[in-house]
Amino acid sequence: MSTFRWLGCGALAIALMAPLHSQDPPAKPGTMQRVLDDSKPSDWRALDPDNTLYVELASGRVIIELAPAFAPAHVANIRQLARDRYWDGLAILRSHDNYVVQWGDPEAGTPKAKPLGKALAKLPAEFTRDANGAAMLSLTDHDGWARETGFSQGLAVARDKKEGKAWLTHCYGSVGAGRDNAADSSNGTELYVVIGQSPRHLDRNITLVGRVVSGMERLSALPRGTGPLGFYEKPEQHVALRSIRLLADVPERERTPLEVLRTDTRTWDALVESRRNRRDDWYLRPAGHINVCNVPVPTRVPAAGAKRQRS
């Protein structure tokens, strides 16, 4: 395995104009908890079973929401790999402090490498996408890495109208596809998750495929690798992947009930403001600023019998 591969870990679209919200009055300013307490059922959405991965570790389940609007070829290949049970029995190979964890085949690049089944061995680089379309909620705050940042369907995104491009940003919990030097050398078999401070210098240099929505603590707390770039040096240090499945292929009784806060509502606007200017009793000085990677996208277990929204 190349030690450089970690550089790579209806459809959605990005608008060139400000989105329109509902005519509901905005939620009152307050703490994030108060915003969530005041939220309506329609402010929440269910995960798409065809774009959700369940990663099963000995410590429990990690749930990943995929981003087909930004990396359609990679997401299609990841779906196929999951359906072929490619990752079952493979391992987390790297835990780089304040950076990423990465998993894949320990025998990749050797004659013992696990066959890819029906998945493709080569994909195009998907570092950016066309910015035309709809549904980006922009932040008013300055960003040092992009002309504009915001959220699209719960994903932290950036945009450059002059270039006409949009892309996912490297925030805590972002999931990407490892690659070698060549831009088109990733195929989704080696995935990484950001576990440290946001490495935004990787934006537009690698294909991001989604984000972790539940179970980050199972990744961020892993023992750090002692080898270069945080790779585990001995096979016994590897963290076993019991399985990685698409939610659509998981029996109903085994599913984790989960809803994600929508990022196209007045409630979302109020939540962003609650983080930009903290009103918790502990805070004495509001910051007046927020970074796209410092806005959490909350999840919750839906109330029993609640009608689940799909967006």
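**View 1. Buried residues of helix 4 in the predicted model.** Helix 4 (residues 266–276) has as its buried residues Thr267, Trp268, Ala270, Leu271, Val272, Ser274 and Arg276. Buried means under 20% relative accessible area, with a 1.4 Å probe and protein chains only; helices are DSSP runs of H or I with at least four residues, strands are E runs of at least two, and both are numbered from the N terminus. Among the elements that cover these residues are helix 1 (32–37), strand 8 (148–152) and strand 16 (259–261).

**View 2. Start of helix 4.** A side-chain oxygen of Thr265 comes to within 3.4 Å of the backbone nitrogen of Thr267 at the start of helix 4.

**View 3. Disulfide of Cys171 and Cys293.** The whole structure contains one disulfide, a disulfide being a pair of cysteine sulfur atoms within 2.5 Å. The sulfur atoms of Cys171 and Cys293 lie 2.0 Å apart, and the link is left-handed, with -70° about the S-S bond. The pair links distant parts of the chain, 122 residues apart: Cys171 is in the loop between strand 10 (165–168) and strand 11 (174–177), and Cys293 is in the loop between helix 4 and strand 17 (299–300). Cys171 is buried, at a relative accessible area of 6%; Cys293 is also buried, at 14%.

**Notes to all views.** The protein chain holds four helices and 17 strands, and buried residues make up 51% of its 311 residues. Residues are numbered from 1 along each chain as its sequence is written, and side-chain values use heavy atoms, leaving out hydrogens and water. In this predicted model, local features need pLDDT of at least 70 and side-chain atom pairs count only at pLDDT 80 or more, whereas totals for chains, interfaces and linings use all residues.

How values were computed. Buried means under 20% relative accessible area, exposed over 50%, partly exposed in between (1.4 Å probe, protein chains only). Contact means heavy atoms within 4.5 Å. A polar contact is a pair of N or O atoms within 3.5 Å; within protein, one must be able to donate a hydrogen and the other to accept it, and residues adjacent in sequence count only if both atoms are side-chain atoms.
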